[in-house]
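I opened my notebook to look up which side chains pair up here. My notes follow the model.

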Amino acid sequence: QVQLVESGGGLVQAGGSLKLSCVVSGRTFSSYAMGWFRQAPGKEREFVAALSRSGGRRYYVDSVKGRFTISRDNAKNTVYLQMDSLKPEDTAIYYCAADRDQPMGVTVRRYEYDYWGQGTQVTVSS
């Protein structure tokens, strides 16, 4: 049973920063491609960022490029999302996800991820 637990969300002013963490249980974390998604009230869950097993490949949705950075520490079974220059439109619940079998290195497709965390709330005030 693989569990993902996010933390680090909170309330910040526009232009501020937050760093989200996601700790993954088990002994096979290094074999997973990882991703972050977000969901605002009344909207569908959308892709934010992803990285490969080794951390060598990264991909971001256009709206966060240059502001967000995804990274991982395989020794700690943890993936991070550093968020800088936050905007009110970044307000959402952020979810961490793991993909066991990703032949392309990274994926933006929600249905390809196998495990999901419970989410952490990020609120950006104007």
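I began with R109 and E112, whose side chains meet in a salt bridge at 3.6 Å, N to O. The term means a side-chain nitrogen of Lys or Arg within 4 Å of a carboxyl oxygen of Asp or Glu. I noted that this is a predicted model: local features need pLDDT of at least 70, side-chain atom pairs count only at pLDDT 80 or more, and totals for chains, interfaces and linings use all residues. Residues are numbered from 1 along each chain as its sequence is written, and side-chain values use heavy atoms, with hydrogens and water left out.

R109 is partly exposed at 46% relative accessibility, and E112 is partly exposed at 23%. Buried means under 20% relative accessible area, exposed over 50%, and partly exposed in between (1.4 Å probe, protein chains only).

How many salt bridges are there by this rule? I found 6. One of them joins D90 to R38, with the closest N and O atoms 3.0 Å apart. Both D90 and R38 are buried. R100 also bridges to D114, at 3.5 Å between the closest N and O atoms. R100 is partly exposed at 41%, and so is D114 at 33%.

I then turned to sulfur. The structure holds 1 disulfide, a pair of cysteine sulfur atoms within 2.5 Å. It joins C22 to C96, S to S 2.2 Å. The torsion about their S-S bond is about -85°, so the disulfide is left-handed. C22 is buried at 0% relative accessible area, and C96 is buried at 0%.
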